[in-house]
Amino acid sequence: MSPLALGVLVAVVTIVILMSGTPVAFSLGIVAVGFLLIFDGMGALDVIPQIFYGGIDSFALLSIPMFIVMGSAIASSRAGSDLYEALDRWLYKVPGGLLVSNISACAIFAALSGSSPATCAAIGKMGIPEMRKRGYPAGLATGSIAAGGTLGILIPPSVTMIVYGIATETSIGRLFLAGLLPGLMLTALFTCWGLFVAWRGGYRFSDVSAHFTLKQRFEILPKVLPFLIIIAGILWVLYGGVATPSEAAGVGAVFCILVVAVIYRMWRPFAFWKIFKESMRESVMIMMIIAAAALFSYMMSSLFITQSLAIWIGELEVNRWVLMFCINIFLLVAGFFLPPVAVILMTAPTLVPIIEAAGFDPIWFAVVLTINMEIGLITPPVGLNLYVINGIAPDVRLPTILWGALPFMFCMVLGIIILCLVPEIALWLPRTMMQ
Amino acid sequence: ADIKLKASHQWPGGKGDVRDEMVQIIKREVEKAGVGVTLQVYPGKSLFKPKQQWDAMVKGQLDVSAFPLDYASGKHPQFSSTLMPGLVKNHDHAKRLNDSDFMADIKKIIDDAGVVVISDAWLAGGFASKKECILDPEDARGQVLRAAGPAFEQMLVAAGASINAMPSSEIYTGLQTGVLDGANTSSGSFVSYRIYEQVSCLTEPGANALWFMYEPILMSKKTWNKLDDKQKDAFMAAGQVAEDYFFDAAKGLDQKLVDAYKGAGVEVVGMSAEQHAKWVAIAKESSYKNFAEKVPGGKELIEKALAVE
Amino acid sequence: MNIFIEAVRRLSVACGVASVLLLIASVVVVCHLVIVRYGLGASAIWQHEFVTFSLIGATFLGGPYVLLTKGHVNVDLLPIYLGHRGRVALALLSSVLSLIFCVIIAWRGLLWWEEAWVGNWHGETVWAPPLWIPYIAMPLGMGLLSLQYVADMLSLITGRDMPFGLKPEERQS
Ligand code: NA
Ligand code: NA
């Protein structure tokens with residue numbers, strides 16, 4: 001069987017097994033083991049455990065659980081609500097101000113958390129009920145938070161950027177910087193759409209009774225300040241070159257825990273235990289996928305599928321933008337079914353040499369890839385943010401959320417198009433700050 | 001049908017890296033010999049992670065590899081003598097070492113573990129610093145250095161330096177951000193990671209190098225035993241061609257290093273025999289001593305290596 | 001049977017606790033690393049490897065607990081559209097697939113651990129820790145994960161548990 005035909009077979013079998021409801025990690029694992037045993041012989045058993053283990057045997061991966069701890073420490077406190085309330089006190093008079101507050105709060109929280117579900121949960125817990133109370137339709141309330149939450153993996157720090165950096169040997173620091181302006185651009189696009197809907201739907205001063213004095217507006221600021229300081233601190237540690245991402249993440253995690261403990265008087269050991277338990281669950285899930293993806297990509301490489309695919313695409317000689325368009329469609333579809341980390345690990349090592357040969361910048365591509373993954377986070381069947389929204393607002397049905405989130409997905413597609421036209425949005429910051 | 005073998009290494013493929021070239025030469029020569037063997041090369045760790053290659057060869061899941069032997073020193077501690085400071089002084093010395101008792105012992109351990117040596121290769125390296133030139137041991141005192149491997153770390157610590165362990169790919173950022181004052185790595189890495197942009201002085205390998213690393217082309221014994229005599233001969237002949245190519249290429253690599261650094265306005269210096277001897281004296285009290293104490297037969301290995309003129 | 005299911009559950013919870021402790025340890029040690037390296041300007045010798053090992057340990061030991069609490073993400077598109085019997089059949093099928101994988105890793109991982117133990121393998125650093133310690137986490141965690149899968153299948157067959165954690169009447173579109 002030719003490697004390309006074998007590749008098609010692998011794809012079909014993987015999709016079938018994924019569809020059976022088998023966890024993503026074990027689906028990848030069993031497909032890899034099955035194909036290795038059939039096409040490489042029983043001897044492959046001798047290296048399978050080494051490769052599975054080797055997938056997570058890396059100091060750089062430590063930044064993933066650390067950034068998750070950081071986010072969940074803050075999410076466990078009232079910080080999300082405070083952040084959100086502070087923004088609301090300043091923005092409540094703006095038409096659709098509540099929506100703007102929510103999206104901005106998501107963007108700020110995204111700078112403290114490496115994962116999107118955490119961002120979604122932290123802001124949504126307060127934001128969704130509040131918006132619905134003030135008369136925003138359920139779809140808009142849940143959809144905007146679902147979409148705003150996805151900023152968690154675009155605005156640094158970002159778990160998926162770390163995985164991309166390790167998989168393709170790209171500087172994680174540069175990747176983080178590259179995500180910042182596009183993240184702000186998406187925030188702006190989301191905000192514009194939100195304002196437009198609010199203006200059209202007349203959710204202007206739905207809470208006319210509320211009034212915040214200047215004093216009230218200022219007295220809440222100190223509560224938000226520590227988080228802005230942590231963000232600034234992490235940026236400084238990462239780009240002032242004080243430490244590697246793993247080290248910065250570890251220190252950031254401890255700072256976040258301390259800030260939560262001091263400001264919110266969370267001294268009970270149980271509260272800390274819960275932070276770590278939740279972080280453990282999320283990082284084990286991700287790390288298992290990373291380990292299994294190592295087996296999967298070993299299988300793909302050993303059977304020469306990866307290489308044949310790259311050669312085949314290289315020989316197609318299509319226009320580079322047609323190629324980029326096809327890659328985006330492919331990533332979008334992959335994102336429907338797989339969590340971001342799995343998509344990146346399975347595709348980036350093959351795609352990056354191809355897009356580099358076509359003259360695209362791998363750092364710019366990381367941003368495009370991430371925005372595709374953001375869309376995948378709010379589409380069924382595997383949309384991690386949808387699970388979170390379902391937990392916060394169980395009474396809102398899935399189609400309502402999807403309908404509400406759809407315009408925001410268009411904003412992300414628009415974001416990708418803008419990035420294609422003006423790649424500098426992603427590349428300017430890493431270029432100027434890290435030569 | 002032809003026997004299809006897999007060859008793997010960690011360096012970029014098709015971009016002129018000497019170790020990739022060696023593997024490609026072996027592929028060309030063996031396939032040209034027409035003995036029914038084809039070689040599939042997996043460059044740039046596209047199959048195994050660098051350190052996994054040894055295990056994979058022992059188990060017969062990887063056939064050929066360009067492999068820095070020290071990577072397997074966790075399993076065979078004797079191998080750290082192939083990345084020991086001061087044992088190899090220059091490329092001609094390395095060539096003489098290949099036929100010594102020392103290398104006979106090392107190759108016996110390789111063979112017993114289930115791996116066969118196809119070509120010998122020793123890569124040179126040096127020091128670079130942005131603080132001051134590293135010539136005498138005193139120069140290293142107070143500098144924060146990145147060293148390649150524990151034996152070098154022990155020697156540098158004994159000389160009064162402090163160590164920041166990191167992969168060679170991180171040296172550039174380490175220097176840029178001030179986490180490092182200097183580094184010790186191979187000539188190839190010094191050039192490919194453009195470290196000349198960050199340092200003010202390079203200690204080139206020259207005639208009295210401290211840093212040499214054994215990076216042979218290896219083959220799994222399980223694979224070897226499956227080959228017939230003609231195929232074995234073809235591999236050994238191909239290995240010799242690769243080795244001869246390498247000997248000239250490695251010297252060229254050092255020249256390229258010097259040119260790149262001079263071109264970038266970096267001061268380039270080389271150790272004198274006396275300075276080299278001072279370092280070896282420190283190594284005797286630190287890395288050699290440690291090696292002799294902890295590794296079975298370690299003392300004899302060092303003695304045999306030092307005996308090579 | 002109840003005893004078996006309960007025993008496996010407790011083991012998984014115990015491993016989950018160990019996993020959380022390892023995670024906490026790695027946070028503490030990475031901070032220690034930063035202080036030693038940047039604060040005191042001294043050499044960091046063992047911290048990198050220790051932290052990497054804790055992370056590996058946390059992942060493998062945490063695996064069974066995450067399965068117990070249905071935290072391994074999956075695609076539940078098909079199960080949602082199926083009736084109860086179809087769901088049970090599909091859940092059993094997917095559990096068998098996962099079980100095969102986990103058993104293979106646990107079994108071969110144990111052999112690999114034994115190699116490291118017998119061969120006295122060490123890390124290639126100045127610290128040179130014995131490798132059987134981190135290697136044991138894989139057979140242990142994946143072995144217990146296999147047991148947890150068996151327990152889950154038993155609960156499923158005997159109706160103690162619903163397939164994919166879905167309620168019979170739960171049929172989202
Ligand atoms: Na983020
Ligand atoms: Na999705």
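How much area is buried between chain A and chain C, and what share of it do carbon and sulfur atoms give? In this predicted model, the area buried between chain A and chain C is about 5,200 Å². Carbon and sulfur atoms give 78% of that area. The contact involves 58 residues of chain A and 61 residues of chain C. On the chain A side, the residues that lose the most area to chain C are Phe26(A), Tyr53(A) and Met280(A). Together these three account for 14% of what that side buries. One salt bridge is counted between chain A and chain C. Its partners are Arg108(C) and Asp46(A), whose side chains meet with an N to O distance of 2.6 Å.

The contact of chain B with chain A was examined in the same terms. Here 17 residues come from chain B and 19 residues from chain A. About 1,500 Å² is buried between the two chains. Carbon and sulfur atoms carry 45% of this area. Two salt bridges are counted between chain B and chain A. One of them pairs Lys45(B) with Glu169(A). The closest N and O atoms of Lys45(B) and Glu169(A) are 2.6 Å apart.

An unreviewed UniProt entry assigns "transmembrane region" to residues 12-38, 50-68, 88-111 and 131-151 of chain C. Two of these spans were examined in the model. Residues 50-68 of chain C are 100% helix and 0% strand. The end C-alpha atoms of that span lie 28 Å apart. Residues 88-111 of chain C are likewise 100% helix, with 0% strand. For residues 88-111 of chain C, the distance between the end C-alpha atoms is 34 Å.

Chain A supplies the protein donors of the sodium ion (ligand 1). The donor atoms are the O atoms of Ala110(A), Ser113(A), Gly152(A), Ile155(A) and Pro157(A). These atoms lie 2.2 to 2.4 Å from the ion. Along the sequence, the donor residues follow the spacing A-x2-S-x38-G-x2-I-x1-P.

Cysteine pairing was then considered. How many disulfides does a search of the whole structure find over all chains? The search finds one. This disulfide joins Cys133(B) to Cys201(B), with an S to S distance of 2.0 Å. The link is right-handed, with 105° about the S-S bond. Cys133(B) lies in the loop between strand 5 (122-129) and helix 5 (137-140) of chain B, while Cys201(B) lies in strand 9 (residues 201-204) of chain B, so the pair ties together parts that are 68 residues apart in sequence. Both Cys133(B) and Cys201(B) are buried.

Cys120(A) is in no disulfide. Its nearest cysteine sulfur belongs to Cys106(A) and is 6.8 Å away. Why does Cys120(A) count as buried? Cys120(A) counts as buried because its relative accessibility is 0%, and the cut-off for buried is under 20%. Cys256(A) is also in no disulfide. For Cys256(A), the nearest cysteine sulfur is that of Cys31(C), 11 Å away. Cys256(A) has 0% relative accessibility and therefore counts as buried.

Definitions and conventions:
Residues numbered from 1 in each chain as written. Chains lettered and ligands numbered in written order. Predicted model: local features only at pLDDT ≥ 70, side-chain atom pairs only at ≥ 80, totals over all residues. Heavy atoms only, no water. Donors = N, O, S within 2.8 Å, 3.2 Å for Na, K, Ca; no water. Disulfide = S-S within 2.5 Å. Helix = DSSP H or I, 4+ residues; strand = E, 2+ residues; numbered from the N terminus. Buried < 20%, exposed > 50% of the residue type's maximum accessible area, 1.4 Å probe, protein only. UniProt positions renumbered as here; feature names shortened; annotations may be inferred. Contact = heavy atoms within 4.5 Å. Buried area = accessible area lost by both parts, 1.4 Å probe. Salt bridge = Lys/Arg side-chain N within 4 Å of Asp/Glu carboxyl O.
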